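Student: I would like to go through the charged and aromatic side chains of this protein. Can we take them one by one?

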Amino acid sequence: YTSTDTPIDIPDGGPGNELGDPITSVIAIADELAIHEMAVVVDITHTYIGDLQVTLTSPGGKEAILKKFGLGGGSDDIKETYDVKDFNAEDAKGDWILQVTDQWGQDTGTLNAWIIKAK
């Protein structure tokens, strides 16, 4: 299942750890599927990935942080596949929301795409 509402520019945060406005992207899954395994592929262009937090929310409202603020430090870009066990046994049907938040100024980026692989 692939995002269709991307690319989305990520608003910059402010000085002193001020959070920028988060962006959200939705993948709507029409299939009824009990999740046994899930991977989320994230493609973000950003010049300082330590500024970012990436969160996935299930149709039932459960959240999983895929990438926390600070991780990755000054590295560029996130092209990562996250194995997510938080949603095992949940029904995949519905809207899955990926949220990206920038907590610091100066470096900017874009959520290029993301994919859910569930079975």
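**Charged and aromatic side chains**

Tutor: The model is predicted. Asp 107 is buried yet has no salt bridge, and the nearest side chain of opposite charge, Lys 67, is 12 Å away.

Student: Which side chain does Asp 107 join in a polar contact?

Tutor: Asp 107 sits in the loop between strand E7 (94-102) and strand E8 (109-118). Leaving aside residues up to four places away in sequence, it touches Asp 12, His 46, Thr 47, Tyr 48, Asp 51 and Asp 102. The polar contact, at 2.7 Å, is with the side chain of Thr 47.

Student: Is Glu 32, which meets Lys 93 in a salt bridge, buried or exposed?

Tutor: The salt bridge has an N to O distance of 3.6 Å. It links distant parts of the chain, with Lys 93 in the loop between strand E6 (78-83) and E7, and Glu 32 in the loop between strand E2 (23-29) and strand E3 (38-46). Exposed means over 50% relative accessible area. Glu 32 has 63% relative accessibility, so it counts as exposed.

Student: How many residues apart in sequence are the parts tied together by Asp 43 and Lys 79?

Tutor: The side chains of Asp 43 and Lys 79 meet in a salt bridge of 2.8 Å, N to O. Asp 43 lies in strand E3 and Lys 79 in strand E6, so the parts tied together are 36 residues apart.

Student: What is the geometry of the aromatic pair of Phe 87 and Trp 96?

Tutor: A search of the whole structure finds 1 aromatic pair. Phe 87 and Trp 96 have ring centres 5.0 Å apart and planes at 85°. Planes over 60 degrees apart count as edge-to-face, so the pair is edge-to-face.

Key:
Residues numbered from 1 in each chain as written. Predicted model: local features only at pLDDT ≥ 70, side-chain atom pairs only at ≥ 80, totals over all residues. Heavy atoms only, no water. Helix = DSSP H or I, 4+ residues; strand = E, 2+ residues; numbered from the N terminus. Buried < 20%, exposed > 50% of the residue type's maximum accessible area, 1.4 Å probe, protein only. Lys, Arg positive; Asp, Glu negative; His and termini not counted. Salt bridge = Lys/Arg side-chain N within 4 Å of Asp/Glu carboxyl O. Polar contact = N/O pair within 3.5 Å; in protein donor to acceptor, adjacent residues only side chain to side chain. Contact = heavy atoms within 4.5 Å. Phe/Tyr/Trp six-rings, centres within 6.5 Å; stacked < 30°, edge-to-face > 60°.
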